[in-house]
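Trainee: Could we go through this one together, question by question?

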Amino acid sequence: MRYLPLTAVERLDMLAKIGAASMDDLFVGIPADKRLPGLMELPAGRGECDVERLLNGLSAQNKAAGDVPFFVGAGAYRHHIPASVDHLIQRSEFLTSYTPYQPEIAQGTLQYLFEFQTQVALLTGMEVANASMYDGSTATGEAVLMAHRLTRRSKSVLSGTLHPHYRAVVETLSHMAGDHVEALAPAIAGRSEDILAAIDADTSCVVVQSPSFYGEIIDLRPIATKAHSVGALLIAVVSEAVSFGLVESPGQLGADIVVAEGQSIGNSLNFGGPYVGLFATRQKFVRQMPGRLCGETVDADGRRGFVLTLSTREQHIRRDKATSNICTNSGLCCLAFTIHMALLGETGLKRLARLNHAHAVRLADMLRDVKGVEVLNHSFFNEFTLRVPGDAATLVEALAQAGVLAGVPVSRLEPECPHLNDLLLVASSEMNSDDDRHRLVAAMKKVLA
Amino acid sequence: MNSEGGPTALSQTTSIRPARTFTANRALQQEEGLLFEIGRLDVTGVDLEEPAAFVPRLGGLERAGAIGLPGLSEPEAMRHYVRLSQKNYGIDSGLFPLGSCTMKHNPRLNEKMARLPGFADIHPLQPQSTVPGALALMEMLSHWLIEMTGMNAVALSPKAGAHGELCGMMAIKAALAARGEHERQVVLVPDSAHGTNPATAALIGFSVRSVPAGADGMVRADAVKAALDGDVAAIMLTNPNTCGLFEAEIVAIAEAVHEAGAYFYCDGANFNAIVGKARPGDLGVDAMHINLHKTFSTPHGGGGPGAGPVVLSAALAPFAPAPYLRRDGWGLRLVEDSAREGDHAPFGRLTAFHGQMGMYVRALSYMLSHGANGMKQASEDAVLNANYIRAGLSDLLSQPFGDQPCMHEVLFDDAWLKGTGLTTLDIAKALIDEGYHPMTIYFPLVAHGAMLIEPTESESKLSLDLFIATMRDLALAVKAGEKERFLSAPRLSPRRRLDETRAARQPVLRWKPRAPLPQAND
């Protein structure tokens, strides 16, 4: 087996040094009647060539986004990733290292985490950020738990702007922890929801997504004001990180905790994971923050260096009193985010965001020509909601057969809301050409005719 | 997993004068400033067109001020991050014997496969009819995991080991609720457990009752029985345990737990020792997470991303969260909502979308490459290598539970350091100077000054021989009273011991423009 260095002769030699007669002697700790007698009922090992053939075959059965006009978003976005990003994250010393528990030989990881934390704090308009979470949805769940610890209350109010999967994650976690959730009805684009009325003296936090799941950009200021007036916290959720380049930061608008999905910077779609959750908050809340934190210090020679810090919040020290059970961050995805963001810089990020918005505006205008189709949004960044004649899921399927991946039918995420069956989320980015847009519009006209 | 016990302070570390250079570089070791010190706001390494004039529709919420994000040109970015990478130690750099973490070789075939466009460039919400190969891959991975563990079902979506623990414990909570037994609020956790176990239980409202380990490092069925009562929901037990031992009474423990109406959660962090040798399902386990980044070689990546699928017994399978795979009259599909469907009553949803697909591809690539024969051999080699290190060091180092065969990792304590003025931490730091990543230290908590060594199956005999010789040299130096070699270590790494106390007392968690830092003492 190509990954196993020991030879049969070496194994025998080693067994002799150990004083074991056979390999079985080393497994005597397993009760005899529980030891597998032969091999598992699974295929035998294969050479690299065979494995490639098999997996290439499975890969080829899927319609890759790059092969078709592609407008799918709803929390995961396809942007161009500079070639240097993937090269750098595959450097052995990044790829094959562990959590930086031995900081003397992990300054590479620690320094990029420090850079990442600074970038995230700047983008979100907050004072501090952690070294990343699994993804945007789990970061949202952790933010709600953190708000409960800070306010010593246990009711969260979830706006209808929130991604339905994120809502489900918060509901599951809260249900299991015995906390209360008040989830508002889906706030479809173009309509306002009365979230202020849902915030009361029992409210620990209110969770609002902007741009919303439906693409609408939400003014967080009145919500922050109301939340703060009753001692509650505002958790702002962003599921498209590129929007930070153009939309006012949640921190500026009064958010107390900002969580975001960072996938769209530096990371591929990957059918949903791995992604990278961003988590930022105010300095005064840092000791209730979940997840790893990297901090600056000095070494024995007085030189600047970095370490993981404030670990007395964490499970390996505090065990059942920890702020979270989390034991990992999203290291390589976080590195990809950091490098892509460093390449973009302020100039590049703002231009990328403008380009996305411009593409989406153009597409929204073009879609007005399709009979029966209506753009519902008052405002949007790079994704908006269409009302289509008939069932959106059927339309998307028909368009897929016609070679266009048109977007996400809302019914896929809200199966229990039949009144939303005619809604379709459409995203457009710098990856779409004019030709892509024309093909979408033409295919839609044809299918709807 | 690792725990350093207390923070490192600098009082005991001797300062030494480094070879002075004008740049502070040392040949291949280059000092590198922060992105914020070398980048500029008006530089970008990405060429993008400026869009033609258009009317924005941002609802008046356009960003007003500057963000403050510096940019780098591509050559600057390459150099910056390559230099940073050179300050890291990885598996590809050398032996990485971090106990409980299974730092095995990361095959590059896996990386290549995960980047195929049919896996990397597909969206989780594009129509399922356009991704049959992705669903087939998830089904194939599920089959392998179920077969290897002898369990009934698998929930793929957890994003890491601790997330898998959460998934398993939520399934247990849902199963108890379905039985109407809401009064079961206690989870038994042995003292030797990973910190994530009690933290997970507490996160969803369980209280933790600890179970002491026996004098031999094992959990005794009698101790479990004594702790069991009608309030107990589950036990969380790691097997092989964190002392590197297969729990001898695991079957009796499982029976006692089930008899008391509770469930058996197994922490699968150490599954690498027993793949192809024993199956958790045959031992009475109800739920176990599998760290794809440990046993199945997906890269640790400096701390993630991980993946923690959870295998489930027949009793818990109906409660697995959404999404889950179903093969029926419509063929293979992913059920994405958590409404009850037939016999399936999902407890909810753990994450957006479908989990860590990129890790599924890598793990399956590993499994296909090894096959049933290769995985069994890998477990045997992992155990052989750990025992070879044990045999090579047992006369000089001390073992908390006597010299007995171990599984894939060998545990030493600090009794052999008694009276020398040196600690486990000093040994770890001296290993850095010798070109090794240290072992796991101060974990598990049941061994005083623990040193937990897991070489994995990826090491050659030559590599093990050199490591053993190095450890012996260090041990002899300790006995010879060469304190300075340890107290001043590491001397040769990119940074020497770092002041963790200062980092925690005056947290600096992000860059801010400010006066230059104090310079080195020379």
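This is a predicted model: local features need pLDDT of at least 70, side-chain atom pairs count only at pLDDT 80 or more; totals for chains, interfaces and linings use all residues.

Mentor: Residues are numbered from 1 along each chain as its sequence is written, while chains are lettered from A and ligands numbered from 1 in the order in which they are written.

Trainee: Which element gives the most to the side of domain 1 of chain A that touches domain 2 of chain A?
Mentor: Chain A splits into domain 1 (67-81 + 346-448) and domain 2 (83-339), with bounds from an automatic or database domain assignment. Their contact takes 29 residues from domain 1 of chain A and 28 residues from domain 2 of chain A; contact means C-beta atoms, placed from the backbone, within 7 Å. Helix H11 (331-367), strand E11 (383-387) and strand E13 (423-427) of chain A each supply at least two residues of the domain 1 side, helices (H or I, at least four residues) and strands (E, at least two) being DSSP runs numbered from the N terminus. With seven residues, the one that gives the most is H11(A).

Trainee: And on the side of chain A that touches chain B, how many residues does H11(A) give?
Mentor: There, 169 residues of chain A are in contact with 188 residues of chain B. H11(A) gives the most to the chain A side, and its share is 20 residues.

Trainee: Is Asn270(A) buried or exposed?
Mentor: Asn270(A) sits in the loop between strand E6 (257-261) and strand E7 (277-281) of chain A, and its phi is positive, about 50°, although it is not a glycine. The cut-offs are 20 or more other C-beta atoms within 10 Å for buried, 12 or fewer for exposed, and partly exposed in between, with C-beta atoms placed from the backbone. Asn270(A) has 28 other C-beta atoms within 10 Å, so the label is buried.

Trainee: What about Arg152(A), buried or exposed?
Mentor: Arg152(A) also has a positive phi, near 55°, and is found in the loop between helix H7 (136-151) and strand E2 (155-158) of chain A. Its count is 8 other C-beta atoms within 10 Å, so Arg152(A) is exposed.

Trainee: Which residue does a cis peptide bond join to Gly304(B)?
Mentor: Look in the loop between strand E6 (287-289) and strand E7 (310-312) of chain B. Omega of that cis bond is about 0°, and the partner of Gly304(B) is Pro305(B).

Definitions and conventions:
Two residues are in contact if their C-beta atoms, placed from the backbone, lie within 7 Å.
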